[in-house]
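This report describes selected helices, strands and residues of one protein model. Please keep the sequence and the structure in view while reading.

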Amino acid sequence: MFGKRGQIRKSSQCNFPKKNRRGQVTIFIIIAIAVVAVGIMVFIFYPQIQTTLGAQEQNPQSFIQTCIEDEITNAVNKLSLQGGSINPGSYLLYQDNKVEYLCYTNEYYRPCTVQEPALTSHIETEIETDINDEIKACFNSMKSSYERQGFSVDLREGDKIIQLLPKRILATFNYSMTLTKGTDVQRYDSFVVMMDNNLYELSAIANNIVEWETAYGDAEISTYMTLYHDLKVEKNLVESGTKIYIITDRNTGDKFQFASRGQVWPAGYLK
């Protein structure tokens, strides 16, 4: 009797693992079928998925923003160290930078004369001129990118507008572009690149300093730092009576510098 019970228990211990193994095999078969099915679906629909993702990654507005913003930054950095011009006409070499005179006279005793009456507009034009080739290259690159994706592209060049605004630079490109693929038609009438930058404010301070230079032959820089705590304004007297004004944003490190020469006294003259 004990032997039979032992046999029954032994039989029970052998049967349960067989059932478990059968269940596991069934689960593995189901998983394998599911994996194969998913693989087939991905293989069939991958081109459509790839095209959709590619169109999202190559959004025209994002493409132009990414392509051009570095060029604008480079132009701004260069002209900010050179008094607002990419290729200064009248300048003094200061710390390896051609710093343009925004106010100048070559006569003794006389105040300087303003060299760039519309400084903000001048800077906007300088940026546009400096990046003009890069603008064309970016739009041509975008056109080629969409053509590789199977789109028919109609791209027409328009005017370009660079604006210095409070705390930002706005670049508007009135290019029109039509993308066509089958029945899908997308049209874009302009592209906008916006960047955080306070060149507008820095150039406004420079303009105000120039006004003081033309009127009094000098500017009191401590006044600006009292009024604008985020600014650092320096005045360095260099050769031939020339002063280099350096306006720096303490928060961002952005700076604008320019030269001025006026109210110069001859050597040995006592005021």
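In which sense, right-handed or left-handed, does α2 pass α3 in their crossing? The crossing of α2 with α3 is right-handed; a crossing is right-handed if the near helix is turned clockwise from the far one by less than a right angle, and left-handed if anticlockwise.

The model is predicted: local features need pLDDT of at least 70 and side-chain atom pairs count only at pLDDT 80 or more, while totals for chains, interfaces and linings use all residues. Residues are numbered from 1 along each chain as its sequence is written, and side-chain values use heavy atoms, with hydrogens and water left out.

## Helix packing

Helices (H or I, at least four residues) and strands (E, at least two) are DSSP runs, numbered from the N terminus. Axes are lines fitted to C-alpha atoms, for helices over the stretch in contact, and angles run from 0 to 180 degrees between N-to-C directions. The table sets out two packed pairs.

| Helix pair | Angle between axes | Distance between axes |
|---|---|---|
| α2 (residues 60-80) and α3 (residues 119-148) | about 150° | 9 Å |
| α3 and α4 (residues 199-216) | about 135° | 10 Å |

α3 is therefore oblique to α4, whereas α2 and α3 are roughly antiparallel to each other. For these words, angles under 35 degrees count as roughly parallel, over 145 as roughly antiparallel, 65 to 115 as roughly perpendicular and the rest as oblique.

α3 passes α4 in a right-handed crossing. On the α3 side, the contact is made by Leu119, Thr120 and Ile123, and on the α4 side by Leu199, Ser203, Ala206 and Asn207; contact means heavy atoms within 4.5 Å. By class, the contact of α3 with α4 has four nonpolar, three polar and no charged residues. Here Ala, Val, Leu, Ile, Met, Phe, Trp, Tyr, Cys and Pro count as nonpolar, Asp, Glu, Lys and Arg as charged, and the others, Gly among them, as polar.

Returning to the pair α2 and α3, these helices pack at an angle of about 150°. The contact of α2 with α3 has 17 nonpolar, two polar and four charged residues.

Serine 80 belongs to helix α2. Its relative accessible area is 5%, so serine 80 is buried; buried means under 20% relative accessible area, exposed over 50%, and partly exposed in between (1.4 Å probe, protein chains only). Not counting residues up to four places away in sequence, serine 80 touches Leu199, Lys255, Phe256 and Gln257.

## A sheet of three strands

Which strands make up the open sheet, and in what order? The order is β4-β7-β8, with antiparallel pairing; two strands pair if DSSP finds at least two bridges between them. β4 (152-156) and β8 stand at the edges with a single partner strand each, so one side of each has no neighbour in the sheet. Neighbouring strands of this sheet are turned by 10° against each other on average, direction ignored.

β7 (residues 176-181) and β8 (residues 184-188) pair in the antiparallel sense over five bridges. Threonine 178 stands opposite arginine 187 in β8, and lysine 181 has aspartate 184 in β8 as its bridge partner. The two strands form a hairpin with two residues between them, and glycine 182 in the turn has a positive phi of about 65°. Helix α3 lies across β4 and β7, and runs at about 165° to β4.

## Individual residues

Arginine 168 lies in strand β6 (residues 168-173). Its relative accessibility is 32%, so arginine 168 counts as partly exposed. Leaving aside neighbours within four places in sequence, arginine 168 is in contact with Gln163, Met194, Met195, Asp196 and Asn197. The C-alpha atoms of arginine 168 and leucine 199 are 31 residues apart along the chain and separated by 7.7 Å.

Leucine 165 is part of strand β5 (residues 160-165).

Most residues other than glycine have a negative phi. Glutamine 95, in the loop between β1 (91-94) and β2 (97-104), has a positive phi near 50°. Glutamine 95 counts as exposed, because its relative accessibility is 60%. Glutamine 263, in the segment after β12 (255-261), also has a positive phi, near 50°. Glutamine 263 is partly exposed, with a relative accessible area of 25%.
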